[in-house]
Amino acid sequence: MSKLFLLLAIISILLPIESKISKLINDDTLASWERKAILFTKDIGLKSRDISLDITYCVPYKGKRVCNSLGSYDFRISDLLKNESDELLYASLIKNRYDKIIFAKNKTTIITPTKTTSLNNKIASLSLNHTSKKDYAKSVNSFLDKVRKPISAILKDSINQRYLEMSNQEKGSFFTQRAKSLGVPVEIISNLMNSSFAFSVYSSQLTGSIIINKFIPKKSMSYHEMTISMRNNSNLFINRLNTKTNPIEFNEYKNIYISSSGVDSIRNTSYPSRGIFNKSIARAVLSIYKNMATSYAYEIVKDDNFAIMAPVNGVKNNLVYADIGTMEDVRIDAPYIVRKRVNGEIKETGFVKNRMVFDNSYDGNNKKVGNSEFDVIQGSADIISQLKEHPWKGTFFSIGGGVFAFKTDNLFFKTQKIKGLSLGVNADLGYLLNNVSLSEVWLSSKVVLGATTNEANNKSIFVIAGNFALAKRYYLGSSGLYVASAIGLGGSASSYKYRQIENIRIGSIDLHTSGEIGFNMGADNEISLYIDYDMPLRTFIEDDYIRLDDTDLIQRGMSFGFHYKKHI
């Protein structure tokens, strides 16, 4: 009896009629997001639980660092760590936007927005003790075959009656009214059932390395810094329930391959013990699976079946409103492409970014009704437009050039402006932290590499400068233009020989301020012009014999240049 109840509960999810459609496709509108049901087992297929990490040990010696290999360290992923990794991966990958059918070792759990049902039985189990991706894929197919057979048998006799019941019970729903008025046939239900997918992940053997650096400061105790770097390759297998066949079956839909990495670092007064090794490696393993989930979530949104889509419900000035929110995992500053049907074709007319996320979770059996708010960044949107989720991570790599200020008034080089190449990373904190108070607050880091001439011997001197800053952006209507102001800390340094005798080292720590004007070439590309001003807070000049701190011999000042930024 409990098995029958489980099958009926699964069917109720596979028939995604309740609150699945807000508009049907016609000449003037676009379809909105249909809530998907995802079937999965929490166990990740893992080629091997054993990990061997090469150890490199580095110590200071005569002003340099000498590194030697200490062999390898063997680590085995325990059941506890394996379960924690599985939970982390699927919790980050399969989010609120999906209904979930979870097969575990001793129970099956069905999660919908209004109810969570746990049953102490299962239709099928999946054996994951495989050493190859091919064997794992075969096991997944065998598992899905066990799942679909009883579902198919029940659906054969119940699908027509299920449709009639839904028509009577949900007369107030938009879908039912439209279906009755348009005479939608039973086949519509069969098509909607194709929104059910099965996810499974296979991971290759994890590899990594350990680097331990010993430091011996002059005025404090020695200490060790250990950095563990790990990496692996994995596959996300996606199968889709096909109800057009008799009996129904799961067909291979997509196979996504990614490479992931994880890092953990610690500092310890003595050489790390085995316990410290194990804890640090475990954190690196969890870091890999967290990054793996983030990469998969980014990749699957490129598929229209998994991207959130919503019709525009209202437009006011430069703001757009749509009835999606927390249940669709909308994030602050997340970009959405604006689309519209023009002469029978869907065309993109710009993009928007979220400014307020509405909590549209369920209060009992009733879904809260309201709209999230979006700002038009570029282009236009109107009441017959649609918003489509754009795959995004909120980070950009920048490259550019410019002239930066660096001057000394002593016997060293006296150049005031130095041409250089700049490289940087920019991250939208509002998006990454999903915090409305940090909307369009960007963390930026930049390194500038430049060269000038040593006036003592006419040889080249290389100078490096950089900064970390927080910037606030303001968009200028829907033109794609923005302005930004930033404040942070910067620094500069150089090292060279003076008259081939003395090694001169100079540097500064600066208060960094900046202004920027930029243009969005879509959601993933930007160009900008900037003006920086750096004021030294601390400076030093030293040679092999003497050091001078906080002198006025080093001057910074105004810099300017350009950047091209690419989403990464």
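This is a predicted model: local features need pLDDT of at least 70, side-chain atom pairs count only at pLDDT 80 or more; totals for chains, interfaces and linings use all residues.
View 1. The bond is formed by cysteine 58 and cysteine 67, whose sulfur atoms are 2.0 Å apart. The torsion about the S-S bond of cysteine 58 and cysteine 67 is about 110 degrees, so the disulfide is right-handed.

**View 2. Isoleucine 55 in strand S3.** Isoleucine 55 belongs to strand S3, which covers residues 50-61. Because its relative accessible area is 6%, and the cut-off for burial is under 20%, isoleucine 55 is buried. Although isoleucine 55 and serine 69 are 14 residues apart along the chain, their C-alpha atoms are separated by 5.9 Å. When residues up to four places away in sequence are not counted, isoleucine 55 touches Asn68, Ser69, Leu70, Gly71, Ser72 and Tyr73, and also Ile210, Ile212, Tyr271 and Phe277.

**View 3. The open sheet that contains strand S16.** Seven strands make up an open sheet with antiparallel pairing, and their order is S12-S20-S15-S16-S19-S14-S13. Strand S12 (309-311) and strand S13 (314-316) stand at the edges, and each has a single partner strand, so one side of each is left without a neighbour in the sheet. With direction ignored, neighbouring strands of this sheet are turned by 35 degrees against each other on average. Within the sheet, S16 and strand S19 (residues 372-379) run antiparallel and are joined by six bridges. Methionine 356 stands opposite glutamate 373, a residue of S19.

**View 4. Lysine 353 and its surroundings.** Lysine 353 is found in strand S16, which comprises residues 345-356, and at 3% relative accessibility this lysine counts as buried. The side chain of lysine 353 makes a polar contact with the side chain of glutamate 440, at 2.9 Å. Leaving aside neighbours within four places in sequence, lysine 353 is in contact with the acidic residues Asp333, Glu373, Asp375, Asp428 and Glu440. The list of contacts of lysine 353 also includes Phe374, Trp392, Trp442 and Tyr475, together with Ala334, Pro335 and Ile377.

View 5. Asparagine 360 has its place in the loop between S16 and strand S17 (362-363), and at 2% relative accessibility asparagine 360 counts as buried. The C-alpha atoms of asparagine 360 and threonine 326 are separated by 5.9 Å, while the two residues are 34 residues apart along the chain. Polar atoms of the asparagine 360 side chain are placed by two backbone groups: the backbone nitrogen of threonine 326 lies 3.1 Å from a polar atom of this side chain, and the backbone nitrogen of methionine 327 lies 2.9 Å from a polar atom of the side chain of asparagine 360. Apart from neighbours within four places in sequence, the residues in contact with asparagine 360 are Asp323, Ile324, Gly325, Thr326, Met327 and Glu328, as well as Lys367 and Lys368.

Notes. Residues are numbered from 1 along each chain as its sequence is written. Side-chain values use heavy atoms; hydrogens and water are left out. Helices (H or I, at least four residues) and strands (E, at least two) are DSSP runs, numbered from the N terminus. Buried means under 20% relative accessible area, exposed over 50%, partly exposed in between (1.4 Å probe, protein chains only). A polar contact is a pair of N or O atoms within 3.5 Å; within protein, one must be able to donate a hydrogen and the other to accept it, and residues adjacent in sequence count only if both atoms are side-chain atoms. Contact means heavy atoms within 4.5 Å. A disulfide is a pair of cysteine sulfur atoms within 2.5 Å. Two strands pair if DSSP finds at least two bridges between them. Axes are lines fitted to C-alpha atoms, for helices over the stretch in contact, and angles run from 0 to 180 degrees between N-to-C directions.
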